[in-house]
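Thanks for coming. I have one structure to go through today, so please have a look at it first.

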Amino acid sequence: MQHPSRRAQSLTVPGALRPRRCTAATPPAPGQIAVSCAPVDDRVRVTIRGELDLVSGSQLRGRLSEALTASSRGLDLHLSGLSFCDCAGLSVLMELRQRALSESKTVVIQDTSPAIDRLLDLIGARDFFSPSCSRPTEIHAAV
């Protein structure tokens with residue numbers, strides 16, 4: 001088994017914020033992550049597939065920041081294609097949420113995979129990414 005820091009070596013992302021289809025026929029290679037962003041009204045839909053860990057999370061951080069900047073109200077995350085997420089990956093999502101709230105935006109997880117469901121439930125973070133708890137006015141109560 002490879003060391004986690006050696007697993008995710010590249011990030012497959014489009015160069016600009018434009019719609020891109022994610023299909024089951026073209027999943028990322030093991031240890032990689034793929035992200036696509038599509039503007040939808042005043043939000044950006046972000047679909048993330050693959051494995052979210054220390055290496056891929058640090059690569060993903062900039063892409064998520066771009067997507068948040070491009071939106072006027074926030075991000076809708078679609079995570080059903082994530083097969084793995086560790087604490088470092090979760091940290092990226094929590095940092096994204098904090099930044100969004102500081103900009104009066106929201107980050108809402110729309111769908112998840114079993115791996116993400118388990119992680120969010122284990123640490124009690126599911127509600128942080130729900131529409132009702134992601135409102136900017138609740139930043140101090142939820143943190």
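A word on the source first. This is a predicted model, in which local features need pLDDT of at least 70 and side-chain atom pairs count only at pLDDT 80 or more, while totals for chains, interfaces and linings use all residues. Residues are numbered from 1 along each chain as its sequence is written, and side-chain values use heavy atoms, with hydrogens and water left out.

The protein chain has five helices and five strands; these are DSSP runs, H or I of at least four residues for helices and E of at least two for strands, numbered from the N terminus. Their order from the N terminus is α-β-β-β-α-β-α-β-α-α. Of the 143 residues, 45% count as buried. Buried means under 20% relative accessible area, exposed means over 50%, and partly exposed is in between, with a 1.4 Å probe and protein chains only. Contact here means heavy atoms within 4.5 Å. Of the contacts with a separation of 6 or more, 64% are between residues 24 or more positions apart.

Now the core. In soluble globular proteins, nonpolar side chains tend to be buried together. A nonpolar core is a set of buried Ala, Val, Leu, Ile, Met, Phe, Trp, Tyr and Cys residues joined through side-chain atoms within 4.5 Å. The largest one in this model has 28 residues, and Val46, Ile48, Leu75, Leu77 and Leu79 touch the most other members. At least two core residues come from each of β2 (33–40), β3 (43–52), α2 (54–70), β4 (74–85), α3 (87–102), β5 (106–111) and α4 (114–123). Take Leu77: leaving out residues up to four places away in sequence, Leu77 touches Val46, Leu93, Leu96, Val107, Val108, Ile109, Gln110 and Asp111.

Next, the hairpin. β2 and β3 pair in the antiparallel sense over eight bridges; strands pair if DSSP finds at least two bridges between them. One of the bridges joins Ser36 to Thr47 in β3. In β2, six of the eight residues are buried. Two residues lie between the strands, and there Asp41 takes a positive phi near 55°. Asp41 counts as exposed because its relative accessible area is 78%. Another positive phi in a residue other than glycine, near 60°, belongs to Ser104, in the loop between α3 and β5.

Apart from neighbours within four places in sequence, Ser71 is in contact with Asp42, Arg43, Val44 and Lys105. The side chain of Ser71 also reaches the backbone nitrogen of Gly74 at 3.2 Å.

Last, α4. Which residues of α4 are buried? They are Ile116, Leu119 and Leu120. Seen down the helix axis, they fall within an arc of 95°, so they line one face of α4; the arc is that of the directions from the helix axis to the C-beta atoms. Cover for these residues includes β4, α3 and β5. The face turned away from the buried side carries the exposed residues Pro114, Arg118 and Leu122. Just after α4, Gly124 takes a positive phi of about 70°.

That is the tour.

Terms used. Polar contact = N/O pair within 3.5 Å; in protein donor to acceptor, adjacent residues only side chain to side chain.
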